[in-house]
Every structure is written in structure tokens, then in C-alpha cells.
Amino acid sequence: MNYSKSDKGSSTIIIRVMCATIFVLFTWGWLYFFQADALAMTQHVLSDGLTHYNRFVGALIITAILMILQYVINNTTKLNKRFHALTYMPSMLLLAMLTDISQTIDNGISISRSIWLVVVFAVIWGAMIFFVRQYENVDKEFHIPLFSRSMWMNLLMMSAMIICVAWIGNTNAVFQYRMKVEGHLMRGEYHQARKVGQKSLESDADLMMLRMYALARCNELGEHLFEYPITGNSSQILPTSGKTKMLLCPTDSIYKFMGARPAVPMEPDRYLAMLQRRDSVNNMAIADYLLCGYLIDKQLDRFAQEIPRYYPMKANLPKHYCEALALYAHSRSNPSVVYQVPEVEENYANYQEMKRQYRDPKERKTRVSEEYRGTYWYYYDYE
């Protein structure tokens, strides 16, 4: 009899260790790598900006608390075999509720959706616990090999709970990008901020504004802006009018960088024009914002008219400015500005040749995007 009990305990410990390992690794990764900036925003709102969230400490404390909760539930239910994974369900539900962060969190914390989902799942969990306890009382499976049915059942339940956490929690790509970008901006990590979501085609006006600020900080606005998806127009490139906003990073940081804070809400072009009349402002940042605003609105004539005010026409211009001037020169019978770079001219000729090769508009756009997405020419023609 003593040998059977020992054999049973040594067998079920494999399941307990496997479930605990999966839970800790998932919870830590979910909190530390994926939800850290969103949780920082939550703490920022709850504390009115008085405290800051530390991703390492936060992930450590939350994971420990959820493991303690599982330990208490496990000792209460005594589920150690086929249904041991169910002891992690309350912890998983709390984790999901914690990371169900609204994209309008700056208007206040709302957990009504999470509460209803948690209540529904909690009722289901309670019913399942009642029935499986009856089953485990009569279960005669003492020795549980590594690849037994019990092991696979627990793996399946842990996988299902992980999927539920991802379903309930906020996994919106654009929101996550925004939070990551703002986190980097707060820490002065401008090069890291501009790399967030660099290869993604998903964006919104707020994310575009944040990326422009990061690029401006790196003095790369005219070099890399159109490598990102552009959403919106020049009225949204700065938060001055309220059409775009920062959630975590203080708005004053961008105004300090530009040189002055607007006294009243105003359109970005008016704000930039007023800054030009002031001393001690970041003139190159102002110039790049104005020029990129013209390009976003596809105002090539205005761009060509204004660029000589800020850049010598014999200097090496940023990539997108060269592309815009090439497009301007080839699309106007009497261009007011002619700026030619042999490599850009050759690339533009190849771009036009590729467009002529495909008669079907959808196929043309697809083929051109493979080679020229990220250039101002592609943005001007297709976005």
C-alpha cells in the first residue's frame, strides 16, 4: 500500500510540474514582453501619473500572486491528475481581466466586459470542478507515464486557457504599438521607438503622429517617414488641435522639443507658422514637419515652393524629399525647382516602367508594392 501511494505521488508530480512551468512561462512572457506598456498606461491612469509601472517587478509580483492563488485552489480541490490544469483557471481568468485594457483607457478604467466574462467562466469552472472531483475519486490510474492521456488532457486544457487569455486581453496590434512607442519616448529611446511595428501595415493617426515625433527626434523625418503606413493628413501630425493625442508620454515633451507650447488648440500648420516667428526654436524640426505635412497632403507644388527656404538645393537632401522632387519635375511641364540625383532618376524611371508593364490595376499595385512600398512615389500613387 505504501509503495502504491509513493508511485502515485511521483507520477502526478510530473503533471503538476508541467502545468506550473507552462503557466509561469506564459504569464511572465505575457506580462513582461507583450502587456508591459499597456499595464504602465493603466497604472498611469489609476495613479493620475504619480507612480510608474516597472515591467520586471510588475511581472514578478503578478505571476507570484497568481501562483499563490493556484496553490490555494489546488490544496482545496485536490485535483492532481487528469484535471489538475483546472486549478489554474481562476488565475488565468484574473490574468485575462487584468490585461483587458480599453483603447480609450484615458477616459477611465472600464472592466464591465471582463467581469461578465469572468462570471460566466467562473460558473462553468465551478460546475466542472464539482463533476471532475467525483470522477477523480474513483479514478484508479496510479502510474501516469510521460505521454499518457492525463498528460495530454492537461496540456489541452492549459492551451485552451492560454487562448482564452489572449482572446479576452487586449491584443489590438495598433494599440500595442502605440503603448510601446510611448514607453520608449518616455524613456528617451527614440531610435527604439521608431522601430516599433516597422514592418506592419497597421496604423492609425495617433501612431503616425508618435512615429513622426520619434523620427524628428532622430533627425530622420524626411528620410524614413513614408516607409510607414500613413493614416490621416497634415492636420494630425501634431497633437495641437486635439485630433491626435498622447496617452502615456506627456504632450509637453513634444512642445519642449519644438520650442513652445500652443496657448490654445490650433491646427499644426498654424502652430508651426507661429513657431517660425519665434527665437530659440528647433528650426529644422519645424521645417521637416511643414515639408512632410505638404507631402502627406500630396501638395507637390507647395512642397517645391517651400523646400528652398530650408535646404540648399545643392546639398544632399533626405530620401523622400529627393523622391518628391523627382516626381514633381517629371509631372510638371515647367517645374519651378529642378533637383536631380542620378540614382533617384534611374529608380524613378524603373518605377514608371514597372507601372507600364501591368494593365490590371490590382496586379499593378501588388507588383509595384513589392519593390517600391516605402517610397514617396508609391504613397503618392496608391495610398
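Modeller: The buried residues of helix α16 pack against α15 (319–331), α17 (361–372) and α18 (376–382), where helices are DSSP runs of H or I with at least four residues, numbered from the N terminus, and contact means heavy atoms within 4.5 Å. This is a predicted model, in which local features need pLDDT of at least 70 and side-chain atom pairs count only at pLDDT 80 or more, while totals for chains, interfaces and linings use all residues. Residues are numbered from 1 along each chain as its sequence is written, and side-chain values use heavy atoms, with hydrogens and water left out.

The residues of α16 that are buried (under 20% relative accessible area, with exposed being over 50% and partly exposed in between, for a 1.4 Å probe and protein chains only) are Val 344, Glu 345, Tyr 348, Tyr 351, Gln 352 and Met 354. As for its length, α16 covers residues 342–357, and its 16 residues, at 1.5 Å a residue, should span 22 Å, which agrees with the 23 Å between its end C-alpha atoms; the expected span is 1.5 Å times one less than the number of residues.

For comparison, here is a residue from another helix. Leu 155 lies in α6 (residues 149–168) and is partly exposed, with a relative accessible area of 24%. Leaving aside neighbours within four places in sequence, Leu 155 is in contact with Met 18 and Ile 22, and the C-alpha atoms of Leu 155 and Ile 15 are 9.0 Å apart in space although these residues are 140 residues apart in sequence.

How values were computed: Helices (H or I, at least four residues) and strands (E, at least two) are DSSP runs, numbered from the N terminus.
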